[in-house]
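Thank you for making time this morning. Please have a look at the sequence and the model on the screen, and then I will go through a few local features.

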Amino acid sequence: FVGIPRLTVRMCARIQAFPDDWQFVGKKTPTYRQVGNAFPPPVAHAVSAEIAAAIEKAAAARIFKKVA
């Protein structure tokens with residue numbers, strides 16, 4: 001072995017905050033791409049929560065306008 005060891009797909013997934021039981025399908029290069037191109041789960045959760053809150057706020061404003 002010469003040089004710096006490479007990160008495994010699992011190590012890259014941990015950096016992206018994927019759960020350890022997350023399954024990646026395919027050969028070596030495609031699995032690295034899956035991890036590298038993915039939206040990290042904690043970020044996806046935060047973004048989806050903000051989208052849901054914005055939709056609820058817009059719906060409440062729309063309902064309020066109809067009542068008023």
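F18, W22 and F24 form one aromatic cluster. This is a predicted model, in which local features need pLDDT of at least 70 and side-chain atom pairs count only at pLDDT 80 or more, while totals for chains, interfaces and linings use all residues. Residues are numbered from 1 along each chain as its sequence is written, and side-chain values use heavy atoms, with hydrogens and water left out.

A pair of aromatic rings is described by the distance of the centres and the angle of the planes. Rings of Phe, Tyr and Trp (its six-membered ring) pair if their centres lie within 6.5 Å, and planes under 30 degrees apart count as stacked, over 60 as edge-to-face and the rest as tilted. How many aromatic pairs does a search of the whole structure find? The search finds two. In one of them, the ring centres of F18 and W22 are 5.1 Å apart with the planes at 65°, so this pair is edge-to-face. For F18 and F24, the centres are 5.3 Å apart and the planes are at 70°, so that pair is edge-to-face.

Are F18 and F24 buried or exposed? Both are buried, where buried means under 20% relative accessible area, exposed over 50%, and partly exposed in between (1.4 Å probe, protein chains only). F18 has a relative accessible area of 7%, whereas W22, at 39%, counts as partly exposed.

Finally, I turn to A17, which has a positive phi of about 70° although it is not a glycine. Most residues other than glycine have a negative phi. A17 is partly exposed, with a relative accessible area of 37%.
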